[in-house]
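Reader: I would like to learn how to read salt bridges and helix packing in a model. Please take one feature at a time.

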Amino acid sequence: MKPFTVNDLLETAKQRAGLADFGPGEFVEGLAVLVNGLNNDVKVVEDRRDNLRDWLINLLVNRLRFQHDLILHPEILDEDLGTPAIITSMPRTASTKLHRMLAASNDFQVLKFWHVHMFARIPDMADGGKSQRIKETQEFERWMYEVCPQMLNGHPQFTYEAEEDSYLNECTFKLQMLAGRFGSETYQNWLATVDVSSSYAYLRTQLQYLQWQNKAQADKPWLLKAPGNFGMEQRLFDLYGGARFVMTHRDPVKCIPSISSVVLGTRELFLEQTTYEKAGLDMSNFFSHQVQEHMRWRDENPDLPILDLGFDEITFDGISAVRKLYNFLDISLSVEAENAMLAWERNNAKGKHGTHKYSIEGSGLTEEGTKKDYEEYIQRYSDYF
């Protein structure tokens, strides 16, 4: 089986984009470590090897096009992102429902799946190649569910639906999302030793770039969401001039096996011989550390604006959670926005795309061990479970 090589990926991306400047070059180290992990730690499904290569090249092509626009349009860096609202919480806590329901209001700037998959404009195409970028995202979406339909049951992704900012940031190759996606021990061990500040700074510039592309929405506050940012709140607060945070909560005995099942489906898109137990161990190790970082941040910043919401309220009475959030953000909730969100909720009932199956036993974890790992978190926030 022919291995992936950094040189092939970089040179092919340059040829496809017709460009040569990737911007800050530190991303190459992370790319090299990831490539090493893909070649040696995991087994790629043979007939999807070219798809994975194209996926990696697409990340690099977007970097090239982005850098091209930054040079041509330095005013991108003048975009004021204001004070974002950031949903950062344990995974599988109804944060996706809250995020997408709020996005339906049209009161916020949000990242859609096509934004994170094809965030950079295509040079010399009308409107930055928006139609082509959407078309390529739709093609990827169709392929994804053809080869891995179980992904629909966990965290389904749709071209025009709101999506997590971590996906936008994968092109930095220094991101926990990639460790989760591929389960490479080589990459995970390397990531634990490096400073990820540059990835967060790059993400901020990406958001400025997308806002610059869509000036009509620029007066609305950004709404961001990514469980991978849980425990990293101080970085976000510092970057965005004082963000407002929304935390969604659920019993870890339920949410850790659930995210492990989602991660397993994500890995099965490109990999074979991956297991639920491996995903369970990886997710438990990561989030048990991040929950400690999150609580430490809250202890050190007791006066920061934070709204806590529970899984059941969001799941079974979403509009109640939404009203609390609007009040927290001091935003007027119009009848039109409320109706749009209620319509989204009706059209996206729990289980719409099938039942997401998971269990503490299947994930290789135990209820007793998980309760012990998250003991302090459970004590503090069990009122929201």
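Author: We can start with a charged pair in this predicted model. Glu-185 forms a salt bridge with Lys-278, and their closest N and O atoms are 3.1 Å apart.

Reader: What is the general idea behind such a pair?

Author: Side chains of opposite charge can pair when their charged atoms come close.

Reader: Which residues join Glu-185 and Lys-278 in a network?

Author: Arg-267 and Asp-282 do, through salt bridges that share partners. The count for the model is 24 salt bridges. Another one is between Asp-299 and Arg-380, at 2.8 Å from N to O. Asp-299 is in helix H13 and Arg-380 in helix H18, 81 residues apart.

Reader: Now the helices. How is packing described?

Author: Two packed helices are described by the angle between their axes and the distance between the axes. In this model, H2 (residues 27-40) and H3 (residues 49-72) pack at about 175°, with axes 13 Å apart. Angles over 145 degrees count as roughly antiparallel, and H2 and H3 are therefore roughly antiparallel to each other.

Reader: Which residues make the contact?

Author: Among them are Phe-27, Leu-31 and Leu-34 of H2, and Leu-52, Leu-56 and Arg-63 of H3. The contact residues divide into seven nonpolar, one polar and two charged.

Conventions. Residues are numbered from 1 along each chain as its sequence is written. This is a predicted model: local features need pLDDT of at least 70, side-chain atom pairs count only at pLDDT 80 or more; totals for chains, interfaces and linings use all residues. Side-chain values use heavy atoms; hydrogens and water are left out. Axes are lines fitted to C-alpha atoms, for helices over the stretch in contact, and angles run from 0 to 180 degrees between N-to-C directions. Helices (H or I, at least four residues) and strands (E, at least two) are DSSP runs, numbered from the N terminus. Angles under 35 degrees count as roughly parallel, over 145 as roughly antiparallel, 65 to 115 as roughly perpendicular and the rest as oblique. Contact means heavy atoms within 4.5 Å. Ala, Val, Leu, Ile, Met, Phe, Trp, Tyr, Cys and Pro count as nonpolar, Asp, Glu, Lys and Arg as charged, and the others, Gly among them, as polar. A salt bridge is a side-chain nitrogen of Lys or Arg within 4 Å of a carboxyl oxygen of Asp or Glu.
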